[in-house]
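Hi there,

Here is the structure I promised to pass on.

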Amino acid sequence: MASIDMKSIVKQYGDGFPAVNDVSLDIADGEFMILVGPSGCGKSTLLRMIVGLEDITSGDMVIGGKRVNDLAPRDRNLSMVFQNYALYPHMTVYENIAFPLRLSKTPDDEVRRKVEAASDVLELKEHLERKPANLSGGQRQRVAMGRAIVRDAEAFLFDEPLSNLDAKLRGQMRTEISRLQRRLGITTVYVTHDQTEAMTLGDRVCVLRKGKIQQVASPRELYEQP
Ligand code: ADP
Ligand code: ADP
């Protein structure tokens, strides 16, 4: 688990208007931070700079007290859950969850122990031998989270994870993500367009506009003010 501290973060693509323009934001250990704002305000770019998939033009990205600007994604020990979940179709649920551990050459017995523990928390134990194509959207989401859990990732990053799901499943997954996040106490940054998600999931909500922070507040302060 780690805090994420951003100091004067700027992202300039080419010579246009900065996509992220002097953002300073401290996310505490175990906090659930929501990023909201209109399309094009810089939410995804900020998330991608946290995980290391996008270079930072200027400013400091500090994770768990360590400046990570020059660290590759794999050395940041964060876990991004993509909208399409990025699961491997030819692998079983077990192998999908185990994948990061295979990459790091973890011994088989430890792989088994970690995958079993994660699938227990995620209620995937009965599905370990199935392939992603035979899972529901919600189950696929949980597999993606399982991968993050086995790596003991220091933070979860979500980029509109529920936007492809129907309303019913979205409601279930919202509850599930909230429950898991509380249970694991893992620092989470979550991009969404959905006000219900922002209100029910977030400890705090950061509103971005044209690459700048417009407001950071609790959901209550933000949505119940006159
Ligand atoms: P959001 O996630 O809030 O919709 P983005 O972070 O995707 O916003 O985009 C912020 C701004 O940066 C937009 O103006 C977008 O067009 C621009 N942008 C995003 N990615 C790139 C890129 N790879 N190259 C150039 N401009 C980009
Ligand atoms: P390579 O270094 O061979 O190009 P990648 O950059 O695809 O490989 O991924 C290397 C490692 O970086 C992966 O094992 C993974 O742990 C991590 N990684 C890549 N993308 C992400 C991401 N979006 N979220 C978290 N970790 C990532």
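Below is what turned up, starting with the ligand and moving on to the salt bridges.

Keep in mind that this is a predicted model.

The ligand: ligand 1 sits among Tyr13, Ala19, Pro38, Ser39, Gly40, Cys41, Gly42, Lys43, Ser44 and Thr45. Sorted by class, that shell has 4 nonpolar, 5 polar and 1 charged residues. Threonine 45 uses a polar side-chain atom instead, 2.6 Å from an oxygen atom of ligand 1. On its own the ligand exposes 560 Å², and the protein buries 54% of that.

One joins aspartate 60 to arginine 67, at 2.7 Å from N to O. Aspartate 60 is partly exposed, because its relative accessibility is 28%, and arginine 67, at 45%, is partly exposed too.

Another pairs glutamate 110 with lysine 114, with 3.6 Å between the closest N and O atoms. These two are 4 residues apart in helix H3, so about one helical turn separates them.

Aspartate 203 and arginine 182 also meet, at 3.2 Å. This pair links distant parts of the chain, 21 residues apart: arginine 182 is in helix H5, and aspartate 203 is in the loop between helix H6 and strand S9.

Finally, look for Lys11, Arg48 and Glu54, which are linked in a network of salt bridges.

Cheers

How values were computed:
Residues numbered from 1 in each chain as written. Chains lettered and ligands numbered in written order. Predicted model: local features only at pLDDT ≥ 70, side-chain atom pairs only at ≥ 80, totals over all residues. Heavy atoms only, no water. Near = heavy atom within 4 Å. Polar contact = N/O pair within 3.5 Å; in protein donor to acceptor, adjacent residues only side chain to side chain. Areas by Shrake-Rupley, 256 points an atom, 1.4 Å probe, with all protein chains shown as cover. Nonpolar A, V, L, I, M, F, W, Y, C, P; charged D, E, K, R; others polar. Salt bridge = Lys/Arg side-chain N within 4 Å of Asp/Glu carboxyl O. Buried < 20%, exposed > 50% of the residue type's maximum accessible area, 1.4 Å probe, protein only.
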